[in-house]
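Visitor: Hi, could you walk me through this one? I'd like to go over disulfides and pockets.

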Amino acid sequence: MKKMICTTILLGAVSGCSTIQFNNSGDAEGSGSSDSQLETINNSPDSSQWHHNIILSLVEITDPVNLNETCDDAVESGSAWETAKTEITFINGLAGFLVNLFLPLNLWTPATVEVGCSDAA
């Protein structure tokens, strides 16, 4: 039992989640959005899907997300993307870990891609 607890703690310590988020909400000077607006950005994305990479995340096996098409489909035509976030969540990491237990190396890395669209262009 002690060995299992130590293994669980070790796995939790070496696993990590990562997030990168792009905001299309103002000019380069940052005058387009206040800090309070940026804190709430992408809390309810218009689109969320898994993205799949293989061979140490060097090869994408799913197509890149087309932000303009995603926003046209999610909201009325003519809307622009406001945020794009790529995140390796706990669920992504768990799924990747379980699959990679049976495969040599780190062959599959899933990630969640979320896109937030503006209400008007």
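Predicted model: local features only at pLDDT ≥ 70, side-chain atom pairs only at ≥ 80, totals over all residues.

Visitor: Which cysteines form the disulfide?

Guide: C71 and C117 do, with their sulfur atoms 2.1 Å apart. The pair ties together distant parts of the chain, 46 residues apart: C71 sits in helix α3 (residues 67-74) and C117 in strand β5.

Visitor: Is the link of C71 and C117 left-handed or right-handed?

Guide: Left-handed, with -90° about the S-S bond.

Visitor: And C71 and C117, buried or exposed?

Guide: C71 is buried, and C117 is buried as well.

Visitor: How many residues line the second largest pocket, and which lie nearest its centre?

Guide: The lining has 13 residues, and those nearest the centre are H51, E60, V65, T86 and V113.

Visitor: Which strands supply at least two residues of that lining?

Guide: β2 (47-54), β4 (81-88) and β5 (108-117) each do. The largest share comes from β4, with three residues.

Visitor: How does the lining divide into nonpolar, polar and charged?

Guide: For the second largest pocket, seven lining residues are nonpolar, three are polar and three are charged.

Key: Residues numbered from 1 in each chain as written. Heavy atoms only, no water. 1 Å grid on protein atoms, 1.4 Å probe; cavity = no way out; pocket = protein on both sides within 12 Å on 5 of 7 lines; lining within 4 Å. Helix = DSSP H or I, 4+ residues; strand = E, 2+ residues; numbered from the N terminus. Nonpolar A, V, L, I, M, F, W, Y, C, P; charged D, E, K, R; others polar. Disulfide = S-S within 2.5 Å. Buried < 20%, exposed > 50% of the residue type's maximum accessible area, 1.4 Å probe, protein only.
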